[in-house]
Amino acid sequence: MIISLKEIALLTESEIFGDEGLFINKPARIEEAETGDLTFLYLSQYAKYLESTKAAAIFVKPGFQKTRKDITYLEVKDPNKAFAKVVFPEPVPPAIKIFLCSLIARRKKAASFFCNPPVAM
């Protein structure tokens, strides 16, 4: 899945700070991201991975302090939902959504961004 950062910004209504000509290989968790990947920072407990992530671009909240010059930032109101929109473009068929939510629940991952109502943990 190679997609331009401009397309991602348009899809998620986010503002680009950095290389607008960037192309993204795939979405990834901040601690697992590789060169060319897109990630997000939503919970403060994951901020510790910002300095070591290899991601090319990252969704952040407006006003986030952009300390790294080698990462392109996408400012958006809700980085979690923006990332989910890239991973699960709408519309997601209901049967697939139910299946994915059940997998998330079994693995005890946070699912409030995708599962409505949220999956019980």
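These are my notebook entries on what I looked up in one predicted model.

**Ground rules.** I number residues from 1 along each chain as its sequence is written, and for side-chain values I use heavy atoms, with hydrogens and water left out. Because the model is predicted, I ask for pLDDT of at least 70 for local features and count side-chain atom pairs only at pLDDT 80 or more, while totals for chains, interfaces and linings use all residues.

**Overall layout.** I listed the elements of the protein chain and found three helices and six strands, taking helices (H or I, at least four residues) and strands (E, at least two) as DSSP runs numbered from the N terminus. Read from the N terminus on, the elements run β-α-β-β-β-β-β-α-α. The chain has 121 residues, of which 38% count as buried; here buried means under 20% relative accessible area, exposed means over 50%, and partly exposed lies in between, with a 1.4 Å probe and protein chains only. I also looked at contacts (heavy atoms within 4.5 Å), and among those between residues at least 6 apart in sequence, 33% join residues at least 24 apart.

**Helix α2 and its cover.** At the N-terminal end of α2 I found Asp78 as the cap, with a side-chain oxygen 3.1 Å from the backbone nitrogen of Asn80. I count a polar contact as a pair of N or O atoms within 3.5 Å, where within protein one must be able to donate a hydrogen and the other to accept it, and residues adjacent in sequence count only if both atoms are side-chain atoms.

**The pairing of α1 with α2.** The axes of α1 and α2 come within 10 Å and cross at roughly 115 degrees, the axes being lines fitted to C-alpha atoms, for helices over the stretch in contact, with angles from 0 to 180 degrees between N-to-C directions. On the α1 side I noted Ile8, Leu11 and Thr12, which meet Ala82, Lys85 and Val86 in α2. The residues of this contact divide into four nonpolar, one polar and one charged, where Ala, Val, Leu, Ile, Met, Phe, Trp, Tyr, Cys and Pro count as nonpolar, Asp, Glu, Lys and Arg as charged, and the others, Gly among them, as polar.

**Nonpolar cores.** I then asked which residues of the largest nonpolar core touch the most other members. Of its 15 residues, they are Leu5, Ile8, Ile24, Leu38, Ala57, Phe59 and Leu74, a core being a set of buried Ala, Val, Leu, Ile, Met, Phe, Trp, Tyr and Cys residues joined through side-chain atoms within 4.5 Å. At least two residues of this core come from each of α1, β5 and α2. A second, separate core has seven residues, including Ile30, Leu50, Ile71 and Tyr73. In soluble globular proteins, nonpolar side chains tend to be buried together.

**Leu50.** This residue sits in the loop between β4 and β5 and counts as buried because its relative accessibility is 6%. Leu50 and Ile30 are 20 residues apart in sequence, yet their C-alpha atoms are 7.3 Å apart in space. Leaving aside neighbours within four places in sequence, Leu50 is in contact with Ile30, Ile58, Phe64, Thr67, Arg68 and Ile71.

**Asp37 and Glu34.** I found Asp37 in the loop between β3 and β4, and Glu34 is placed in the loop between β3 (23-24) and β4. Asp37 is buried, with a relative accessible area of 1%, whereas Glu34 counts as partly exposed at 47%. The side chain of Asp37 reaches the backbone nitrogen of Glu34 at 2.7 Å. Beyond its neighbours within four places in sequence, Asp37 is in contact with Ile24, Asn25, Lys26, Ala28, Ala55, Ala56 and Ala57; by the same exclusion, Glu34 is in contact with Lys26, Lys54 and Ala55. The C-alpha atoms of Glu34 and Thr53, 19 residues apart along the chain, are separated by 7.5 Å.

**Glu13.** Last, I checked Glu13, placed in the loop between α1 and β2 (15-17), and found a positive phi of about 55 degrees although the residue is not a glycine. Most residues other than glycine have a negative phi. Glu13 counts as exposed, at 69% relative accessibility.
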